[in-house]
Amino acid sequence: MSQAEFDNYATSYDSDLARSLAVTGENRDFYARARIKWTSQCVAKLRWPVRTILDYGCGTGTNSPILASEFRAHHVLGVDVSGLSIAQARQAGYGAEVSFLETKDWAPDGTVDLAFTNGVFHHIPPSMRQESLATIRHALCVGGLFAFWENNPWNLGTRYIMSQCAFDENAITITPREARGMLVKAGFSVLRTDSLFYFPRRLKLFRPLESWLRGLPFGGQYQVLCRNSLVDRS
């Protein structure tokens, strides 16, 4: 999706997403907080200190303050190709520890402890994905972590939700296997892959079972957690 296309959805993104998620019985905030909580738990097990976070493809910035709060980060920088989305994020007043830049105005500097992205790469043309991953790797310090979240095309519910979502019309989905291959090719070391969101709200009594299903690649979304272990940033 181009910058112009993203700008077209900047004002309707929340309502478009709410309509597509209605079938699950949950809202955007539920999924955002669950994703970030899981990332936080995974990072805590690694005992990796997180002071600075990159929210790559931040849209209107709703994830950024949740990341800041969950990780008690000193600074979260949200970047996005959409100027209108960044303008909305800045107007939201998320707090002094959160800031936003258009991608064209941002230069990665190798100081980020954790990069986070959710549902962004299925909007990036396959021919441009390696370039985007290289940019994220260059933003990370050596040893920095990257939480790569994507919608899982192996989950029928996810495929249905995306088919009902206006801004996913041109999306090209990425399987967990493809994601790991992309990340390794870009110079990341894959640490773990986890699937979440197996059960909609009407089946929430079964959600405790998800802890046993994390390793199976069939949840609604998945996270590939990886590390920038390369010193060479060429």
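1. Arg72 sits in the loop that runs between helix 4 (63–71) and strand 2 (75–80). The model is a predicted one. In it, Arg72 has a positive phi of about 50°, although this residue is not a glycine. Most residues other than glycine have a negative phi. Arg72 has 75% relative accessibility and therefore counts as exposed, the cut-off being over 50%.

2. A positive phi, of about 65°, is also found at Phe197, which is not a glycine. Phe197 belongs to the loop between strand 6 and helix 9. Is Phe197 buried or exposed? Its relative accessible area is 14%, so Phe197 is buried, as the cut-off is under 20%.

3. Which element gives the largest share of the lining? Helix 3 does, with 5 residues. The elements that contribute two or more residues to the lining are helix 3 (28–46) and helix 9 (210–213).

4. Helix 6 covers residues 126–139. With 14 residues at 1.5 Å a residue, helix 6 should span 20 Å, and its end C-alpha atoms are 21 Å apart, which agrees.

5. Which residues of helix 6 are buried? They are Arg129, Ser132, Leu133, Ile136, Arg137 and Ala139. These residues cover an arc of only 150° around the axis, so they lie on the same side of helix 6. An α-helix has 3.6 residues a turn, so residues three or four places apart point the same way. The exposed residues Ser127 and Glu131 are on the face of helix 6 turned away from its buried side.

6. What do the buried residues of helix 6 pack against? Their partners are strand 1 (52–56), strand 4 (112–118), strand 5 (140–151), strand 6 (188–196) and strand 7 (221–228), together with helix 8 (176–185).

7. For the protein overall, there are 9 helices and 7 strands. Of its 234 residues, 50% count as buried. Among contacts between residues at least 6 apart in sequence, 73% join residues at least 24 apart.

Note on methods. Residues numbered from 1 in each chain as written. Predicted model: local features only at pLDDT ≥ 70, side-chain atom pairs only at ≥ 80, totals over all residues. Heavy atoms only, no water. Helix = DSSP H or I, 4+ residues; strand = E, 2+ residues; numbered from the N terminus. Expected span 1.5 Å × (residues − 1). Buried < 20%, exposed > 50% of the residue type's maximum accessible area, 1.4 Å probe, protein only. Arc of directions from axis to C-beta. Contact = heavy atoms within 4.5 Å.
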